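Hi there,

Here is the structure I promised to pass on to you. Have a look at it first, and then read on for what turned up.

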Amino acid sequence: KILVTGSLGQIGSELAMKLRQEYGSMNVIASDIRRLDNETVESGPFIELDVMDGSKLVEVAKKYGVDTIIHLAALLSASAETKPLQAWNLNMGSLINVLEAARELRLKVFVPSSIGAFGSDTPKQQTPQVTIQRPSTMYGINKVAGELLCDYYFHKYGVDTRGVRFPGLVSYVAPPGGGTTDYAVEIYFEATRKKRYTCFVSENTCLDLMYMPDALKAVVQLMEADPGKLRFRNSYNITAMSATPEDIANEIKKHIPSFEIDYKIDPVRQAIADSWPDSLDDSAARKDWGFKAEFGLEEMTEDMLEKVKKKRS
Ligand code: VAH
């Protein structure tokens with residue numbers, strides 16, 4: 001039985017559904033701080049769960065016979081910069097609760113990290129799996145501390161912790177909330193709706209991006225991997241493409257020739273994006289558990305525009 005926290009968020013909305021397809025609806029308990037009337041809630045067990053309540057988390061895990069927690073509840077990078085103390089409390093408080101529950105009940109845990117776990121003095125091109133990590137954002141600090149906690153619980157208590165450093169994720173089901181990479185999602189919706197988009201980071205801001213289907217597949221693949229093959233318990237670099245807003249706009253123009261992009265820089269999110277790598281080296285994930293992205297910028301753009309159009313009709 002799998003418990004998903006933050007299952008109404010950008011990743012959670014789709015991952016809970018994917019896991020239900022893989023393992024059966026009744027074997028995936030979706031949870032979030034509040035209930036929404038959507039497919040995730042209606043297609044299988046859903047509980048309202050505040051991950052800041054550690055004893056409630058243990059009680060739920062026992063009650064449902066949970067053996068795996070996918071921990072997605074978090075404040076993302078831009079939100080975390082506007083309320084850093086709240087971000088620390090939620091991101092770290094919830095993670096320690098999940099790891100403590102996993103220690104006590106011998107659970108397997110997936111904890112996402114991010115390209116946000118790197119800072120300005122990390123090599124930006126082909127960022128290594130093991131390299132300097134001195135992020136300058138509260139979100140990045142949470143991610144590095146989270147990575148180290150997962151490593152600690154594995155080595156000290158034998159908790160089966162696994163994670164990936166997600167690039168900016170692009171999806172059409174649920175929008176990201178308060179992310180720096182939200183432009184890479186908004187641009188497809190605006191292109192379809194208004195044939196124009198005002199981007200909040202500069203045209204040459206190059207970041208790792210990934211289409212949600214590849215991200216979902218990576219989680220399932222990593223969680224099913226032979227634990228003996230996993231050299232890293234903190235988190236694996238994974239990526240699908242390195243792209244700038246200009247790259248995305250040029251790809252969209254192949255489908256919507258009249259599409260126009262202009263720029264109105266948000267200094268907070270520009271500074272965050274500038275501190276992150278341009279392209280990750282994901283050779284460790286490829287070697288240890290066979291990760292391989294299917295969607296590049298061309299394939300993602302074609303699919304996103306088609307799905308967003310369908311969603312709007
Ligand atoms: C964010 N979408 O923007 C998240 C993610 C790599 C970006 O961590 O904060």
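This is a predicted model: local features need pLDDT of at least 70, side-chain atom pairs count only at pLDDT 80 or more; totals for chains, interfaces and linings use all residues.

Serine 31 stands opposite isoleucine 47, a residue of strand β3. Strands β2 and β3 (residues 46–48) are joined by 3 bridges and pair in the parallel sense.

How are the side chains of β2 arranged? Val28, Ala30 and Asp32 point one way from the strand, while Ile29 and Ser31 point the other way. Both sets are buried. With 5 of its 5 residues (28–32) buried, β2 is therefore largely enclosed by the rest of the structure. If you trace the chain from β1 through helix α1 (residues 10–23) to β2, you will find that the three make a right-handed β-α-β unit.

Next, please turn to helix α9 (residues 245–253). Which of its residues are buried? They are Pro245, Ile248, Ala249, Glu251 and Ile252. These cover an arc of only 160° around the axis, so they sit on the same side of α9. An α-helix has 3.6 residues a turn, so residues three or four places apart point the same way. The cover over the buried residues of α9 includes helices α7 (183–194) and α12 (297–312), along with strands β10 (196–199), β11 (207–211), β13 (241–243) and β14 (260–263).

Two single residues may be worth a click as well.

Alanine 293 is in the loop that runs between α11 (283–289) and α12. Is this residue buried or exposed? Its relative accessible area is 16%, and the cut-off for buried is under 20%, so alanine 293 counts as buried. Leaving aside neighbours within four places in sequence, alanine 293 is in contact with Asp214, Thr239 and Ala240. Alanine 240 is 53 residues away along the chain, yet its C-alpha atom and that of alanine 293 are separated by 5.3 Å.

Threonine 198, in strand β10, has a relative accessible area of 35% and is partly exposed. Not counting residues up to four places away in sequence, threonine 198 touches Asp262, Tyr263 and Lys264. From glutamine 126, threonine 198 is 72 residues apart in sequence and 29 Å apart in space, C-alpha to C-alpha.

Finally, a few words on the chain as a whole. The chain has 12 helices and 14 strands. A compact globule of 313 residues would have a radius of gyration near 20 Å, and the 19 Å of this chain agrees with that. Along the principal axes, the C-alpha atoms fill a box of roughly 55 × 45 × 40 Å. Buried residues make up 57% of the 313. Among the contacts with a separation of 6 or more, 79% are between residues 24 or more positions apart. The accessible surface comes to about 13000 Å², with 52% of it belonging to carbon and sulfur atoms.

Best wishes

How values were computed. Residues are numbered from 1 along each chain as its sequence is written. Side-chain values use heavy atoms; hydrogens and water are left out. Buried means under 20% relative accessible area, exposed over 50%, partly exposed in between (1.4 Å probe, protein chains only). Helices (H or I, at least four residues) and strands (E, at least two) are DSSP runs, numbered from the N terminus. A crossover is right-handed if, with the strands pointing away from the viewer, the path from the first strand over the helix to the second runs clockwise. Two strands pair if DSSP finds at least two bridges between them. The radius of gyration is taken over C-alpha atoms; the globule rule is 2.2 Å times the number of residues to the power 0.38. Contact means heavy atoms within 4.5 Å. Accessible areas come from the Shrake-Rupley method with a 1.4 Å probe; for residues, only the protein chains shown count as cover. The arc is that of the directions from the helix axis to the C-beta atoms.
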